[in-house]
Amino acid sequence: MSEPTPEILAAFEAAKGFMPVKEGLALYEAAAEAAALGLPLLEVGTYCGRSTILLADVARAAGTVAVTVDHHRGSEEQQPGWEYHDASVVDPEVGVMDTLPTFRRTLRKAGLEDHVIAVVGRSPQVAAVWGGQLGFVFIDGGHTDEHATADYEGWAPKVAPGGLLVIHDVFPNPEDGGQAPYRIYLRALESGDFEEISVTDSLRVLRRRPVA
């Protein structure tokens, strides 16, 4: 089992974000497995870089790179008046959220800037111009059906055979959370292209089946 060092785990816990430690450890282990393919590790939904720390550390050890995709304006539930809004990441000059500066500080403090390519843009647009295969895709972006579906349709086809697709905030029970990530998780399984290999609370890890 691959685990982060105490220093990396401490950086993860100190970073602004929402992922619990237990799920973070499962994410790290999955990324370490996928990194053996030698392909980039990609996450959709960066926020302030909490999970990026883990992926970047894995990429550093494996000699590959972590790619993050986010417009850095916050998802729906992070806007003013919503439960997950944080006024400290609002740009005072333009009056809208901008998590990019916090994200960059997070990576610098952790010593991981050189192992991350940060793509600032909307997921469907970035996916449309991304040409290569990926060893690992972590979907943790917007939680509406529109955004979750676009993330799945844009990035799941780019997971290499044997690579991993990881989906966060999968809640089969509607009382526990939104259903959009759960619906794309079911869609991945029903496609026949992916098989589930682990479940850790709301984190699901799926492997892309080899090409027949």
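The structure is a predicted model, in which local features need pLDDT of at least 70 and side-chain atom pairs count only at pLDDT 80 or more, while totals for chains, interfaces and linings use all residues. Residues are numbered from 1 along each chain as its sequence is written, and side-chain values use heavy atoms, with hydrogens and water left out.

**Stop 1: strand E2**

Select residues 66-70, which form strand E2. Strands (E, at least two residues) and helices (H or I, at least four) are DSSP runs, numbered from the N terminus. Five of the five residues in E2 are buried, so the strand is largely enclosed by the rest of the structure. Buried means under 20% relative accessible area, exposed means over 50%, and partly exposed lies in between (1.4 Å probe, protein chains only). Show the side chains: Ala66, Thr68 and Asp70 point one way, and Val67 and Val69 point the other way.

**Stop 2: the partners of E2**

Two strands pair if DSSP finds at least two bridges between them. Leucine 41 has alanine 66 in E2 as its bridge partner.

Now select helix H3, residues 50-62; together with E1 and E2 it makes a right-handed β-α-β unit. To check the hand, point the strands away from you: in a right-handed crossover the path from the first strand over the helix to the second runs clockwise.

**Stop 3**

Aspartate 57 is buried at 7%, whereas arginine 60 is partly exposed at 35%.

**Stop 3**

Select arginine 207 and glutamate 33, whose closest N and O atoms are 2.2 Å apart in a salt bridge. Arginine 207 is in strand E9 (residues 203-208) and glutamate 33 in helix H2 (residues 21-34), 174 residues apart.

Finish with arginine 187 and glutamate 153, which meet in a salt bridge at 2.9 Å, N to O. This pair links helix H7 (residues 180-191) to helix H6 (residues 145-155).

Note on methods:
A salt bridge is a side-chain nitrogen of Lys or Arg within 4 Å of a carboxyl oxygen of Asp or Glu.
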